Amino acid sequence: MHADSGHHGGLPAIKDVSPTTLLATHSADRKLIEDPEYQHRYNFLAHDHELGLGREGMVYSPRSCKIDLELAGEDIIELGGDWDLPVWHVPGHSDGHLAIYDGKNHAAFTSDAVQTLGYPTISGKMAFAPTYFAVDGYLATIRFFENHPIEYLFTGHWPAECKEGTKDFLAKSREFVERVDSVLMKFMKDHFDGVTLKEVIYGIGPKLGDWSLDMNVFLQFALYGHMERLEQRGIFAPQSPRP
Ligand SMILES: [Zn+2]
């Protein structure tokens, strides 16, 4: 599992009823999962940018839960016989995000590693934007999946895909990143005198998807990642937060 409350908030309840179940994650996500306050996952922008996510609407478990086992890329889960499942380290959405591949059936279980154009509602409309954090890691993960003969894609929030649907899902995941790059660059050129991260989020959100306006708050993670990337490339210089 990875460091999102919807994926690990129920772990204490699982351990209550099944104490021998082994909980596994990558070392890079372990601390975030074992922190029941989620401060470092969702609220690292609170101090400087007045952004973050409260507990409202989030899966919340007030009890911490220890992970039993760390997995890393290239580990193998042996099911028996000749049926082995390689573990893939696929960062971007979280630093320690893992996927599992069933080569016998060409099926990848990718959870939230790739996210097409955003998260859907139950009715199939767009709920909110993709929530990757590290842009280059996310793009490398998309490429990694494309370089493997995956036919069936089983994700964390999206309907299962097969064959052309899998290719399309991966292509759209990249398309969203590229769309953010181009919309963000234009917005920054139009606001040369300075702009806050919050203004960027609400300024370009409607150009990135037709989710409701209050859901633009979920863009903070991807946009912070894009801004950091522009900064690393020397295109953009951050200033201290306003007093
Ligand atoms: Zn997630």
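Helices here are DSSP runs of H or I with at least four residues, strands are runs of E with at least two, and both are numbered from the N terminus. This is a predicted model, in which local features need pLDDT of at least 70, side-chain atom pairs count only at pLDDT 80 or more, and totals for chains, interfaces and linings use all residues. Residues are numbered from 1 along each chain as its sequence is written.

**Stop 1: the whole chain.** Start zoomed out. The chain has nine helices and ten strands. Its C-alpha trace spans about 65 × 40 × 35 Å along the principal axes.

**Stop 2: helix α8.** Select residues 197-208, the twelve residues of α8. The expected span of a helix is 1.5 Å times one less than its number of residues. For α8 that gives 16 Å, and its end C-alpha atoms are 16 Å apart, which agrees.

Now colour Val-200, Ile-201, Gly-205 and Leu-208, which are buried (20 or more other C-beta atoms within 10 Å of a residue's own; exposed means 12 or fewer, partly exposed in between, with C-beta atoms placed from the backbone). These four cover an arc of only 125° around the axis, which puts them on the same side of α8; the arc is that of the directions from the helix axis to the C-beta atoms.

What do the buried residues of α8 pack against? Show α7 (164-190) and α9 (219-232), and you have both partners.

**Stop 3: the largest nonpolar core.** A nonpolar core is a set of buried Ala, Val, Leu, Ile, Met, Phe, Trp, Tyr and Cys residues joined through C-beta atoms within 7 Å. The largest has 32 residues, and Ala-99 and Ala-222 touch the most other members. Two or more residues come from each of β5 (98-102), α6 (135-146), α7, α8 and α9. The biggest contribution, five residues, is that of α7.

Centre on Ala-222. Beyond its neighbours within four places in sequence, Ala-222 is in contact (C-beta atoms, placed from the backbone, within 7 Å) with Ala-129, Pro-130, Thr-131, Tyr-132 and Val-180.

**Stop 4: strand β5 and its partners.** Strands pair if DSSP finds at least two bridges between them. On one side, β4 (residues 83-89) runs antiparallel to β5, joined by three bridges; look for Trp-88 opposite Ala-99. Strand β6 (residues 107-111) also pairs with β5 in the antiparallel sense, over three bridges, and Asp-102 stands opposite Ala-107.

Finish at the β5-β6 hairpin, where four residues lie between the strands and His-106 in the turn has a positive phi of about 50°.

Methods:
Two residues are in contact if their C-beta atoms, placed from the backbone, lie within 7 Å.
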